[in-house]
Amino acid sequence: MFFVLFAISVVTFVLMRLVPGGPFNTERGVPPAIVEALNKRYKLDAPLVEQYIDYMQGLLVPRLTDRTYRRSVVEDYIINIPMDFLGEGVALRWINFGPSLAKRNQTVTGIIRDGLPTSMQLGIAALLVGVVIGVPIGTIAALRQNTGWDYLSMSVAILGVSIPSIILGPLLQYIFGVTLKVLPTTGWGTINHLILPAFALGFTESALIARLTRASLLQVLREDYIRTARAKGLSERVVIGVHALKNAIIPVVTVLGPLAAALLTGTFVVETLFGIPGLGRSFVLSIGNRDYTLIMGTVLLYAMFLVVANLIVDLTYALFDPRIRLH
Amino acid sequence: MATKSSHKIAYLEAADLPKPQSLWQSAFKRLIRNRLAVMGIFVILFFALLAIFAEQIAPRDFRTQVLAASNSAPLWVTKLFPTMIPISEGGYVKINEDFFFGADNLGRDIMTRVIYGTRVSLLVAIVGPIVALLIGVTLGLISGYLGGWVDNIIMRLTDVFYAFPTLLFIILLMAFFRPTTGRFEPGSIGDFFNRLDGSTGGMLFIFVGIGITSWMQMARLTRGQVLSVREMEYVLAARSLGASPTKIMLRHILPNILGPIIVAETLTIPRYISYEAFLSFIGLGVNPPTPSWGAMISEGAVAIRDYPNQALFPALALFLTMFAFNFVGDGLRDALDPRMRGAE
């Protein structure tokens with residue numbers, strides 16, 4: 001787990017440095033002396049290994065600060081725990097993503113602090129849409145296998161897989177925003193602003209979840225313990241709801257992990273289409289700008305979410321299936 | 001009645017016995033019987049014809065700008081999208097019957113651009129899987145057959161690539177390949193690839209980027225398949241006859257595991273298509289003015305309130321293509337393994 005995080009941080013660091021161009025090489029033709037001075041200020045002229053160690057140190061090593069600490073464009077921490085018992089104004093501060101190289105009056109920490117809650121709200125809503133639509137459709141399809149319901153559900157699922165948000169977004173905007181005028185096409189802030197983008201993101205996921213639920217449930221329904229449950233006279237609702245679904249949901253939860261990580265850290269297309277100030281946009285723009293610190297920050301954030309999501313997935317296994325023990 | 005006919009079938013099959021059907025023949029028959037899959041094949045053929053004969057079919061040139069006609073639309077489009085009210089009825093839309101799907105904000109024919117956009121999407125649908133197959137199957141074969149530390153290294157590499165955000169990787173690759181024009185000396189390999197990319201409208205590096213970021217699943221699947229056939233008698237026989245590992249892998253193992261690999265790859269084709277659309281959407285796809293559906297959707301989405309036709313026609317084309325490939329992929333999987341219907 002930590003190996004993966006470490007590998008990702010190294011690969012990203014090396015890869016983004018291999019790409020030609022730098023954060024200060026703009027088309028406006030900045031004098032070389034200024035570029036040099038900027039490189040020096042942000043220590044971009046130091047050896048790569050030194051830069052990497054420097055960056056990781058700022059990120060990982062917690063710091064105790066006294067009351068002279070002020071948030072600045074080089075020092076801005078995500079986690080700030082006041083420790084007044086050690087003296088007035090003393091605090092433990094952790095995870096400093098460093099200054100943004102492209103937006104020089106902002107820190108990466110600040111950008112993440114602004115964008116992450118928005119992206120997370122959208123991501124959670126999209127995930128809910130995916131699960132709330134996907135699981136019941138998949139269940140119905142599996143319970144009514146090879147009937148009209150099954151074929152209908154699976155056709156809808158193929159439809160969903162074929163409509164990426166890049167198509168669904170404009171379509172929803174036109175239908176609900178422009179023609180029916182019931183929901184805003186762009187913007188952010190109210191529940192109404194959340195509905196369309198959440199659907200644009202979640203519908204495709206719901207199709208995937210529906211297919212997976214169906215396949216998994218079909219397999220589970222053939223198990224002996226389902227026959228046992230029926231044989232001892234349990235009602236169909238209990239058999240399906242408690243015995244079957246609980247086991248069938250495990251593969252679904254498995255894919256939900258990475259999916260959640262991707263959704264929570266923002267998706268560029270939907271954020272662009274709907275004008276949402278999330279993290280996905282900062283991420284994509286940072287690569288074009290060669291904003292090295294912002295690239296590192298968002299990638300590591302994503303990787304961390306992925307690791308945590310997978311951990312939660314592993315923990316829920318034990319919840320759904322006590323046979324799986326955590327080692 | 002029922003038993004009688006089933007007897008008859010059994011009898012006919014017995015008569016057919018001297019020439020048994022191969023797996024592919026019977027799969028093909030099952031595929032043909034799947035109406036949705038056949039429909040998908042026809043849709044793909046239709047788009048393939050559009051792509052091949054784009055010059056002959058397209059009513060105009062995809063670059064030519066008729067600025068007087070910018071943002072205009074024919075009457076039927078305004079009927080289709082009721083919010084587009086023509087100037088003659090007190091609205092804002094210029095009516096111009098010369099452009100069947102309307103013209104974009106630069107006065108270029110949308111229909112022509114949709115037709116030319118087929119080329120990019122279909123090429124990605126063909127080349128993307130091939131690149132992914134080449135890398136993934138090669139690594140999977142080596143990993144599965146050799147085992148030991150080679151297997152370990154390759155699988156850890158796969159894990160890292162899996163956890164790496166595909167999006168970042170692909171964007172970095174694009175950024176890495178793209179601005180290298182002029183960095184290479186004329187005549188060198190780098191220069192050759194740059195020219196090749198330029199002459200394909202920037203498609204080459206999209207293929208490379210998509211392929212490089214999509215091989216992991218293939219590598220894992222191939223490795224699993226290799227592990228399952230590696231201990232078979234025919235492999236042992238080949239080995240005892242002194243065949244080299246390369247020969248065993250390519251001549252004996254690969255043909256036996258190719259079926260599920262091809263099916264799995266067919267199922268991922270829509271993903272390649274949407275990747276390309278996405279890359280073009282964020283401006284890292286084909287070089288303008290080469291039309292791509294993703295780029296057209298991105299440009300049209302800005303004007304979705306006023307001119308929905310500019311985003312929704314390319315979106316429809318993209319949807320139909322992905323839909324068709326999904327049906328064919330599903331049909332192919334069902335045909336090769338009927339028990340798997342509807343599974344991932």
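This is a predicted model: local features need pLDDT of at least 70, side-chain atom pairs count only at pLDDT 80 or more; totals for chains, interfaces and linings use all residues.
Biologist: At what angle do H1 and H3 of chain A pack?
Modeller: About 130 degrees, with the axes 11 Å apart. H1(A) covers residues 2-18 and H3(A) covers residues 48-60. That angle makes H1(A) oblique to H3(A).

Biologist: Is the crossing left-handed or right-handed?
Modeller: H1(A) and H3(A) cross in a right-handed way.

Biologist: Which residues make the contact?
Modeller: H1(A) brings Phe6(A), Ser9(A), Val10(A), Phe13(A) and Arg17(A). H3(A) brings Leu48(A), Gln51(A), Tyr52(A) and Met56(A). By class, the contact has 6 nonpolar, 2 polar and 1 charged residues.

Biologist: Switching to rings. How many aromatic pairs over all chains?
Modeller: The structure holds 13. One of them joins Phe47(B) and Trp293(B). Their centres are 5.9 Å apart, with 70 degrees between the planes, and the pair is edge-to-face.

Biologist: Where do those two sit in the chain?
Modeller: Phe47(B) is in helix H3 of chain B and Trp293(B) in helix H14 of chain B, 246 residues apart. Both Phe47(B) and Trp293(B) are buried.

Biologist: And why is the pair of Trp76(B) and Phe313(B) called tilted?
Modeller: Because the planes of Trp76(B) and Phe313(B) are at 55 degrees, with ring centres 5.9 Å apart. Trp76(B) lies in helix H5 of chain B and Phe313(B) in helix H15 of chain B, so the pair ties together parts 237 residues apart in sequence.

Biologist: Buried or exposed, that Phe313(B)?
Modeller: Phe313(B) is buried, at 9% relative accessible area. Trp76(B) is partly exposed, at 33% relative accessibility.

Biologist: Which cluster do ring pairs build around Trp76(B)?
Modeller: They link Tyr174(A), Trp76(B), Phe81(B), Phe101(B) and Phe313(B).

Note on methods:
Residues are numbered from 1 along each chain as its sequence is written. Chains are lettered from A and ligands numbered from 1 in the order in which they are written. Side-chain values use heavy atoms; hydrogens and water are left out. Axes are lines fitted to C-alpha atoms, for helices over the stretch in contact, and angles run from 0 to 180 degrees between N-to-C directions. Helices (H or I, at least four residues) and strands (E, at least two) are DSSP runs, numbered from the N terminus. Angles under 35 degrees count as roughly parallel, over 145 as roughly antiparallel, 65 to 115 as roughly perpendicular and the rest as oblique. A crossing is left-handed if the near helix is turned anticlockwise from the far one by less than a right angle, and right-handed if clockwise. Contact means heavy atoms within 4.5 Å. Ala, Val, Leu, Ile, Met, Phe, Trp, Tyr, Cys and Pro count as nonpolar, Asp, Glu, Lys and Arg as charged, and the others, Gly among them, as polar. Rings of Phe, Tyr and Trp (its six-membered ring) pair if their centres lie within 6.5 Å; planes under 30 degrees apart count as stacked, over 60 as edge-to-face and the rest as tilted. Buried means under 20% relative accessible area, exposed over 50%, partly exposed in between (1.4 Å probe, protein chains only).
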